[in-house]
Amino acid sequence: MKKPSKEEPGMAESVMEPPVAEKPYIKKSFVLMMDGRYRQWDVIAKVGDGFVVLSHEAMYHVGYGETNRWRDCFLRSYLHDVWLAPIREGLSLKNVSPDELLLYQTESSRDRIFILSKEEHTKWKQSIPNKSTPYWLRTPYGHLHIPYVWITTSEGHHVGESVHNSNIGIVPAIYLTEQAIELLC
């Protein structure tokens, strides 16, 4: 784009430059030993004092539970009971307490491990690689009395699905400190 000179008629002393586009987030990834195998995790967003990190692959196929409320669903308990300990163990291999690295999600429930909401998935979609299987999101689909939640298809689209479907994958997310990202990446 040609900058106008001061000599051109009708031009003011100062010329406004076009706004600079915000830099896209540069994605990083790391590997944690979990459950006897290495699992890749992708850093998808910087939020506040930490980073949202998402499992690179969908893990297992599990039903959401009997309700579409995240705080009351089976899937939330499953993640805490089955996956939080291996994540903490994988983080502790870096000679730092996992409690210094692993933050709480800052929503109504204080979770150290969670799944993305539809809004988060939409906001960070450019940083999230497509998965080979559909996976759960924690946002209710429709009313709380209808047992459906949003899922993401393998192509990255959002659709509603019954909480009773056990053929949907889980893509866990964790919220890590900047120190954790420096140690792991």
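A charge sits over a ring if NZ of Lys or CZ of Arg is within 6 Å of the ring centre and within 35 degrees of the ring normal. The views below are taken from a predicted model.

**View 1. Lysine K46 over the ring of F51.** The charged end of K46 is placed over the F51 ring, 4.9 Å from the ring centre.

View 2. Five aromatic pairs are found in a search of the whole structure. In the pair formed by F74 and Y78, the ring centres are 5.8 Å apart and the planes make an angle of 35°, a tilted arrangement. F74 is partly exposed, its relative accessible area being 44%. Y78 has 17% relative accessibility and therefore counts as buried, the cut-off being under 20%.

**View 3. The edge-to-face pair Y141 and W150, with K118.** The rings of Y141 and W150 lie 4.6 Å centre to centre, with 75° between their planes. Because its relative accessible area is 35%, Y141 is classed as partly exposed. W150 has a relative accessible area of 19%, so W150 is buried. W150 also has a lysine over its face: K118 lies at 4.2 Å from the ring centre.

**View 4. An aromatic cluster of three residues, Y64, W70 and W136.**

Key
Residues are numbered from 1 along each chain as its sequence is written. This is a predicted model: local features need pLDDT of at least 70, side-chain atom pairs count only at pLDDT 80 or more; totals for chains, interfaces and linings use all residues. Side-chain values use heavy atoms; hydrogens and water are left out. Rings of Phe, Tyr and Trp (its six-membered ring) pair if their centres lie within 6.5 Å; planes under 30 degrees apart count as stacked, over 60 as edge-to-face and the rest as tilted. Buried means under 20% relative accessible area, exposed over 50%, partly exposed in between (1.4 Å probe, protein chains only).
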